[in-house]
Structure formats: structure tokens, C-alpha cells
Amino acid sequence: MPQFIRTFNSGLVQLGELTLLVLEAFRSILKHRPDGKDFLYQLYFIGVKSQSVVLITGAFTGMVLAAQAYFQFHKVKMDTGTLALVSVSMCSELGPVLTALMVAGRVGAAMAAELGTMRVTEQIDALRTLATHPVDYLVVPRLMATVIALPLLTGEAILIGIISSYAVGVGLMNIDGAYALKNLLYYSSAETVFQGLIKATIFGGLISIIGCYKGLNCRDGAEGVGRATTEAVVMISISILIINFFLTLFLSRVLAP
Amino acid sequence: MIEVTNLKKSFEEHPVLEGVSFSIAKGDSVVIIGRSGCGKSVLIKHMIGLLMPDSGEVRIGGELLTGKNERELLRIRRRFGMLFQSAALFDSLTVEDNVAFLLRREGKMTQGQIQKRVDEVLEVVELPRTQKKKPSELSGGMKKRVGLARAIVYKPEILLYDEPTTGLDPVVSDSIDQLIVRVSEQLHVTSVVVTHDIRSMRRVGKRIIMLAQGLVYVEGSPEEIFSSRDPLVHRFVNGISDPKENSF
Ligand SMILES: Nc1ncnc2c1ncn2[C@@H]1O[C@H](COP(=O)(O)OP(=O)(O)OP(=O)(O)O)[C@@H](O)[C@H]1O
Ligand SMILES: [Mg+2]
């Protein structure tokens, strides 16, 4: 078989297995009471421990965006549009995408490494002999935690991004604050924010499903774990970027006022 | 209790089991022996449905394991306890949480009852006062014994032991062997022990199955096996290597 057909084939197989994992996870959430303690621990690890990463990402993205937008807008005397541009792009695109990419590097990698190590040291098999489904015990708490944490983290990144863009625009570039804020409110509709939060929720699911999938299907040995971790981060990042485009097309139509 | 029929399994063209058949009666203790890499661990994982055969079948108390989905298997696996060759303790949990794992998840006993039961079992495997330790703080032999405690704590009907005494000192090995015998006699469990250890073979096995070349090579009582004139069996039980393998 030529190489490209084989690659295409294994891609399809992975997609199928990922879908089955999602279905199994939903079935598990509906039928089996998820463990509250594990869920809270994951929420803590994913939500609380990602704070610094998310705050720095949000703040500096907002700042650089404000500076660059100001440089361009200033040429056409549209200085007061700066904050509006920052707000709209943070809310609908940069907030969810950058937050998800940062969390993917931290949490998606950790999931793949942890579950992968459990697999190669037979801990997953041990779980199965102790009458526990790995999806119930490992995947569901992680999935629920990322789905809840990502919109919150994204909201936080957006907020801090706008605040820091205000500091740069008004404080550093001397834009008229009142007009800039008026424009910001005029152009950022509730739909824009909503679009970002829906995206974040979907990215949250994506991070833990792919992270767990790569871990659970990890190959033997330390090399297998390393490879699973890398593959998880790459696959999550790529799919976030691709899915984001289609979500933008889809959501802007659905949410259009 | 356990019926294995014409079990075949290969990993990527490399055949490991090539038609293994045997059956084990309720309450029996069977020892499975064979050279390293001959597929003992693979066989024992088929008996509990962790691996699925390429062909052939496994029945537990008449119920077919082969081809069942994971959720159905979970219910059947509740009847089993298994000690892994690598112990396979959950390294993020303490010893106590490892041992109590299934009892806590089932939620049929109160916390107090579970605690008491865990303490008893840890006493039985001679590991008192290790409750709060993490697996990484234990020696290899101690891990094995925690794995054993985790397998027997919920009183399963069938116990599978993958090399329970490998890597333990002779004194602890003896006490583990006696524990296996005691558990199987007192609780009337069916036990299957994979081992390389000739002494434990004599101590725990009522019947011995030897695997070789992907098949059940011989099967018999310990006396029959130890007095066997078959060169392969004779060399194995007496620990003599084949002169042809020492050619370098
Ligand atoms: N998951 C797997 N993937 C590929 N090959 C495997 C896998 N598990 C086992 N094997 C192969 O199957 C054969 C039997 O392995 P197994 O672990 O059952 O040996 P064993 O009899 O338990 O040996 P030991 O006494 O050393 O534990 C080996 O050749 C091994 O390479
Ligand atoms: Mg083995």
C-alpha cells in the first residue's frame, strides 16, 4: 500500500476511535454517577493551576494587539477604534484559541503522559480487573473539568486582554478613553462574547478527549509515552485551529442578530 | 469454572498461543509453568478478558467471555482478583486507597467497615502500618504484597496470580505461598498461579500445566511433573539449560 493511503487510513481509524471514545464518555456521564472528588481535583488542576499561563497570554495579546491596531488606525485617524478591534478579536477568536492552545500544552500533554504511563505500567489493566471502566474513572472527570474550565479561563483571558489594551491605548498612546470605550461597547455585541465561550467549551472537550485518547492508546515503553504526549499536543493544536475556522463560519451565521 | 478452548493469539504475525485448551474445576489450584516469554502472562490476561483471542474461547462458569464488550466484562471481572507480574499499583494513590479501591467504588460498605477490612488484609500480607505510604516508597516485594492485598480484599471467587513470588526473599515467598494455599482452602476460591519458582510450584499446585511452543505441553499432578522423563519438562523443573542453547 502506498504510504499516503496508509496515513489516510490510520487517520480515519483514529477519527473513528475518537468518536467512539466521545460516545462512551457521554454514555458514562448519563448512566454512571461520575466521581465528584476526582472531578473537583481535575477542575483544580486544570482551572486553578492554569491561571498564570492564561493571564499572561491574555494580557500580552491584548497589549500587543492594542499597540499594533493603534499604529495602523492612527494613520487614518481612527484611534478610538483601537479598543473595539481588540475586544472583538479577543472575544471571538484570540481569547478562545490562544487559551485553548496554552491549556493544550499544559493539560493535554499532562493527560497523555499520565494515562500513557498508566497504560505502559499496566495500571489501566489493573483498573479493568477491578471492575472499573477506564472511561468512567479517568476520562469523564477530565472531560467534565476541561469543558467547564475552558470557558471560564477564556472569559478571564478576554477580560484581562481588554483591560491591558485599555492601559496601553489610553495610558501609553493617549487615545481618548471615553470614545474608545463607547466604540468598544458599540462593536462588541453579546453574540461576539457568546461565540467565544461556545468555542472555548468545544475546545475544552477536544483537549481532554484527544489527550486521553493518546494516553489510553499509548505504545509500550518510555518512548511510547513521549510520543503519545507530543502527538497529543500537535493533534489538539492543529484541530483547534482548523475547527476554529469552521466554527467561526457556522456560529456567525447561527448567532447573527 | 474456567474453560479455555483452542485459544490462539498472535501479536503482529508473531504467534504466542497456538491452540491452548484446558479446564479448571471450581476450588482447584493450578500452577502454570513455562519458559520466560512463552505466553503465560498473555494466557492469564485472556482468562480475565484483558486480551481477546484471535480465535478460540474462554468460559467462566459456563459464561462466554470472548466477544463481550467492556461493560459486560466488568461485571464478570468482579468475580476475579488478579495480581499482576508488575504489581501495577496505582501510583497516585496511597497503599490504603489502592487496597480499598474496588470497595470504595462499589460503595456497599461504610467507610469504617472498609477501613477495618483494609487493615485486616494488610495484616494478612504482613504489611501493617503502610497504609499512608505511596507505592514509590515501597520495595518491589512490598508492592507485590500490596497488589496481593488489593486482589483478595473483596473476596473474589477466582484468583489469578502472575508470578506472586518472583523477586521476593525465600522467607516472604514461603509466607505468600502459604497465604495462597490458605485463601484457596478457606474461601474455596479457584486459583491460577503462574510461576517460575520450583518451590512454590510444589507448595501451591494441586495440578500443573506446562506451556511450550504455544501449546499445553504437559498437564499433571506435581509428582507426575517432577518425575517426568520428558527432556523439556525434566530440564525445566531441574533448572538445566539446553546444551544447544549455550553454543557461544
Ligand atoms: N502487548 C504485546 N504486544 C506485542 N507482543 C506481546 C505483547 N504482550 C506479550 N507479547 C509477546 O508475547 C510473548 C509472551 O509474553 P508473556 O509476557 O506472556 O511471557 P511470559 O510467559 O509471561 O514470560 P515471563 O515469564 O518472562 O513473564 C512474548 O514474546 C512477548 O514479546
Ligand atoms: Mg509473564
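User: Before we start, what counts as a salt bridge here?

Analyst: A salt bridge is a side-chain nitrogen of Lys or Arg within 4 Å of a carboxyl oxygen of Asp or Glu. Glu120(B) and Lys116(B) form one, with their closest N and O atoms 3.7 Å apart. The model is predicted: local features need pLDDT of at least 70, side-chain atom pairs count only at pLDDT 80 or more, and totals for chains, interfaces and linings use all residues. Residues are numbered from 1 along each chain as its sequence is written, chains are lettered from A and ligands numbered from 1 in the order in which they are written, and side-chain values use heavy atoms, with hydrogens and water left out.

User: Where do Glu120(B) and Lys116(B) lie?

Analyst: Both belong to helix α5 (residues 111-124) of chain B, four residues apart, about one turn of the helix. Helices (H or I, at least four residues) and strands (E, at least two) are DSSP runs, numbered from the N terminus.

User: Is Lys116(B) buried or exposed?

Analyst: Lys116(B) is exposed, at a relative accessible area of 56%, whereas Glu120(B) is partly exposed at 38%. Buried means under 20% relative accessible area, exposed over 50%, and partly exposed in between (1.4 Å probe, protein chains only).

User: How many salt bridges are there over all chains?

Analyst: The whole structure holds 25. One of them joins Asp28(B) and Arg207(B), at 3.3 Å from N to O. That pair links distant parts of the chain, 179 residues apart: Asp28(B) is in the loop between β2 (14-24) and β3 (29-33) of chain B, and Arg207(B) is in strand β9 (residues 207-212) of chain B. Both residues are buried.

User: Switching to the interface, how many residues of chain A and chain B are in contact?

Analyst: On chain A, 19 residues are in contact with 23 residues of chain B, contact meaning heavy atoms within 4.5 Å. The two chains bury about 2,000 Å² between them, 55% of it on carbon and sulfur atoms. Buried area is the accessible area (1.4 Å probe) that two parts lose on being put together, summed over both.

User: Which three residues of chain A supply more of that area than any other three?

Analyst: Those are Arg128(A), Thr129(A) and Leu130(A), which supply 34% of the area that chain A buries against chain B.

User: What about salt bridges across it, how many?

Analyst: The rule finds four between chain A and chain B. Among them, Glu70(B) pairs with Arg128(A), the closest N and O atoms being 3.0 Å apart. This pair runs from helix α2 (residues 70-77) of chain B to helix α5 of chain A, and both Glu70(B) and Arg128(A) are buried. Another joins Arg71(B) to Glu24(A), at 2.9 Å from N to O.

User: Which residues are linked in a network with Glu24(A)?

Analyst: Glu24(A), Arg27(A), Asp136(A) and Arg71(B) are linked in a network of salt bridges.

User: And the magnesium ion, which protein donors does it have?

Analyst: The magnesium ion (ligand 2) has Ser41(B) (OG) and Gln85(B) (OE1) as protein donors, lying 1.9 to 2.2 Å from it. Ser41(B) is in helix α1 (residues 40-47) of chain B and Gln85(B) in the loop between β6 (80-83) and α3 (95-99) of chain B, so the pair ties together parts 44 residues apart in sequence. Donors are N, O and S atoms within 2.8 Å of the metal (3.2 Å for Na, K and Ca); water is not among the atoms, so sites may look incomplete.
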